[in-house]
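Here is a protein model to look through together. Have the sequence and the 3D view open, and let's start with a strand.

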Amino acid sequence: MRVYVPLTLTALAEAHKTGELGSGPFVAYAVTPALREWYLSEDIEELEYAALSRAGLASLRLLAGDPGALRRRVVVAVDVPDGAASVDPDRGLDPSALGEVTVTKSVPLAKAAAVHVDADEAEQDVAAAADALAAADGGDDDAQFVVDGADDHELLWYATQEIPNLVGPA
């Protein structure tokens, strides 16, 4: 199963240093039955993009909780064995948890298929979105507009061999 793991550049640097994306349990995003129903598409590429987008929002939430992190969303795409990720039945249809899965097994970073990261020019909009997230969650439409502005920036695709360049010197 392909899952999308939301991170920050700080967390990606730590994963690069330890060689482990996560030891489980940790939250990731995937094409779940609820995401399929919500997105109303049978195109697997569209569904995977929707799961990636959900992980991008989760990365933004991580940034909101870590003021010292560089303001760039990070999502790692990785294939995990069947049964290593599961949907919480109590949250499966919760709109805020669409596509959310819990990965219960250790995942070596070497198993990653790709890394998706914001470009440098997205930092200002991503920073504003991270700052506006709490107000948007509280129902502020103007803040939601700012949060949605981060989605105007596509997450760029990087090969896993490029991770050292993304995180800088150890």
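Strand β8 (residues 112-117) is mostly covered, with 5 of its 6 residues buried. Buried here means under 20% relative accessible area, while exposed means over 50% and partly exposed is in between, using a 1.4 Å probe and protein chains only. Strands (E, at least two residues) and helices (H or I, at least four) are DSSP runs, numbered from the N terminus.

A quick word on where this comes from: the model is predicted, local features need pLDDT of at least 70, side-chain atom pairs count only at pLDDT 80 or more, and totals for chains, interfaces and linings use all residues. Residues are numbered from 1 along each chain as its sequence is written, and side-chain values use heavy atoms, with hydrogens and water left out.

**Strands and their partners**

Which strands does β8 pair with? It pairs antiparallel with β4, and 3 bridges join β8 to strand β9 (residues 156-158), also antiparallel. Two strands count as paired if DSSP finds at least two bridges between them. β4 (residues 74-79) pairs with β1 too, again in the antiparallel sense. Strand β1 (residues 2-7) has 5 of its 6 residues buried, so it is largely enclosed by the rest of the structure.

Here are the pairings, each with one pair of facing residues:

| Strands | Bridges | Facing residues |
|---|---|---|
| β1 and β4 | 6 bridges | Arg 2 and Asp 79 |
| β4 and β8 | 5 bridges | Ala 77 and Ala 114 |
| β8 and β9 | 3 bridges | His 116 and Trp 157 |
| β3 and β6 | 4 bridges | Ala 28 and Val 101 |
| β5 and β6 | 2 bridges | Ala 85 and Val 103 |

Take a look at Ala 28, which is found in strand β3. Is Ala 28 buried or exposed? At 0% relative accessibility, it counts as buried. Ala 28 and Trp 38 are 10 residues apart in sequence, and their C-alpha atoms are 18 Å apart in space.

Now follow α3, which has 21 residues. It reaches 30 Å from its first C-alpha to its last, close to the 30 Å expected at 1.5 Å a residue; that expected span is 1.5 Å times one less than the number of residues. At the start of α3, a side-chain oxygen of Asp 43 comes within 2.9 Å of the backbone nitrogen of Glu 45. The buried residues of α3 include Leu 47, Ala 51, Arg 54, Ala 58 and Leu 63.

In the loop between α3 and β4 you'll find Arg 72. Arg 72 is buried, with a relative accessible area of 9%. Its side chain is joined to that of Asp 120 by a polar contact of 3.1 Å. A polar contact is a pair of N or O atoms within 3.5 Å; within protein, one must be able to donate a hydrogen and the other to accept it, and residues adjacent in sequence count only if both atoms are side-chain atoms.

**The largest pocket**

How much space lies in the largest pocket? About 380 Å³. Of the 21 residues that line it, the closest to its centre are Ser 53, Arg 54, Leu 57, Ala 58 and Arg 61. The elements giving two or more residues to the lining are β3 (26-29), α3 (44-64), α4 (123-137) and α5 (141-150). α3 provides the largest share of that lining, 7 residues.

As for how a pocket is found: on a 1 Å grid over the protein atoms alone, it is an open set of points where a 1.4 Å probe fits, with protein on both sides within 12 Å along at least five of seven lines, and lining residues have an atom within 4 Å of a point. The volume is the space filled by probe spheres set on the points, which are joined across faces, edges and corners.
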